[in-house]
Amino acid sequence: MHVRLATGITLVAALLTSASAWADARGDAKAQVEFGINVAQRGLWREAIYRWEKATQLDPSYAAAFNDLAIAYEHEGQLDKARKAYDKALELEPNNSQIQQNYELFKEINDRTSAGKEKGQP
């Protein structure tokens, strides 16, 4: 019985450490997202992309970071990367209406642009 208690305490300690590490990662990722928003508002899109990419690396489960990254990629004309980032954001939070709306607008504009190019229009 004494061994089980020690194992249980070890498990609880490991879970608390893991939860703390996750909270730190999410906090660091949020700081990167906020910085990215700030620089994007000033037109510094490459810096914003760098910050949002870093946020997704720090916390790969942070859907808002992928959404912001998708918007930045779209703004910079990196449409394949934008689609992948939107896909990841929706995979993480499929019911997030803001991400859904952004993705629908992206697809609508992208589809129109693609259709125009196929017809030889600018």
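**Salt bridges and one buried aspartate**

Let me start in helix 5, residues 97-118: K107 and E104 sit 3 residues apart there, so about one helical turn separates them. Keep in mind that this is a predicted model.

That pair forms a salt bridge. The closest N and O atoms of K107 and E104 are 3.4 Å apart. Both partners are partly exposed: K107 has 25% relative accessibility, and E104 has 44%.

How many salt bridges are there in the whole structure? A search finds 4. I will walk you through two others.

Go to helix 4, residues 79-92. K88 and E91 are 3 residues apart in this helix, which puts about one helical turn between them. They form a salt bridge, with the closest N and O atoms 3.4 Å apart. K88 is partly exposed, at a relative accessible area of 26%. E91 is exposed, at 56%.

Now helix 2, residues 45-58. Here the spacing is 4 residues, and R51 and E47 are again separated by about one helical turn. In this salt bridge the closest N and O atoms are 2.7 Å apart. E47 counts as partly exposed, with 29% relative accessibility.

Next, a charged residue without such a partner. That is D68. You will find D68 in helix 3, residues 63-75. Is D68 buried or exposed? D68 is buried, and yet D68 has no salt bridge. Where is the nearest side chain of opposite charge? That side chain belongs to R26, and R26 is 11 Å away. A salt bridge needs a side-chain nitrogen of Lys or Arg within 4 Å of a carboxyl oxygen of Asp or Glu.

So what does D68 touch? Leave out residues up to four places away in sequence, and D68 touches V33, I37 and W52.

A40 lies in helix 1, residues 2-41. A40 is buried, with a relative accessible area of 12%.

How far apart are A40 and D68 in sequence and in space? They are 28 residues apart in sequence. In space, C-alpha to C-alpha, A40 and D68 are 9.9 Å apart.

To recap. K107 pairs with E104, K88 pairs with E91, and R51 pairs with E47. D68 is buried and has no salt bridge.

Terms used. Residues numbered from 1 in each chain as written. Predicted model: local features only at pLDDT ≥ 70, side-chain atom pairs only at ≥ 80, totals over all residues. Heavy atoms only, no water. Helix = DSSP H or I, 4+ residues; strand = E, 2+ residues; numbered from the N terminus. Buried < 20%, exposed > 50% of the residue type's maximum accessible area, 1.4 Å probe, protein only. Lys, Arg positive; Asp, Glu negative; His and termini not counted. Contact = heavy atoms within 4.5 Å.
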